[in-house]
Amino acid sequence: MAKRRTKKEIEKIDRDIYCDVSDTLSYLSYTQEGDIKEKVNDYRTNYTELDKVTISQIRKTLKTMMSEGLVTKRKENYKYVN
């Protein structure tokens with residue numbers, strides 16, 4: 001049976017994903033959800049011991065970033081906004 005995660009564990013995971021997505025978008029001007037996922041997972045696999053992210057986690061993070069005004073949606077592409 002899978003171990004249940006606490007609210008603090010979930011928040012930490014979400015913060016880590018948010019940071020990784022922010023870093024990825026900071027050097028890509030236009031990209032799609034799948035590209036972001038691939039870059040984040042490449043980074044996590046090669047440089048950290050963090051778990052890989054799913055497309056739903058990327059979408060959730062992008063939705064949060066859009067609500068904060070950091071990312072705008074252009075059709076199906078995302079653009080990082082300074």
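Modeller: Buried means under 20% relative accessible area, exposed over 50%, and partly exposed in between, with a 1.4 Å probe and protein chains only. Helices are DSSP runs of H or I of at least four residues, numbered from the N terminus. This is a predicted model, in which local features need pLDDT of at least 70, side-chain atom pairs count only at pLDDT 80 or more, and totals for chains, interfaces and linings use all residues. Residues are numbered from 1 along each chain as its sequence is written, and side-chain values use heavy atoms, with hydrogens and water left out.

Colleague: Which residues of H1 are buried?

Modeller: In H1 the buried residues are Ile-17, Asp-20, Val-21, Ser-22, Thr-24 and Leu-25. The helix itself covers residues 7-27.

Colleague: How many salt bridges does the structure hold?

Modeller: Side chains of opposite charge can pair when their charged atoms come close. A salt bridge requires a side-chain nitrogen of Lys or Arg within 4 Å of a carboxyl oxygen of Asp or Glu. The structure holds 5 of them.

Colleague: Which residue forms a salt bridge with Lys-12?

Modeller: Asp-16 does, with the closest N and O atoms 3.0 Å apart. Lys-12 is partly exposed, at 44% relative accessibility.

Colleague: Are Asp-20 and Arg-44 buried or exposed?

Modeller: Both are buried. Their side chains meet in a salt bridge (2.7 Å, N to O). This pair links distant parts of the chain, 24 residues apart: Asp-20 belongs to helix H1 and Arg-44 to helix H2 (residues 33-47).

Key
Helix = DSSP H or I, 4+ residues; strand = E, 2+ residues; numbered from the N terminus. Expected span 1.5 Å × (residues − 1).
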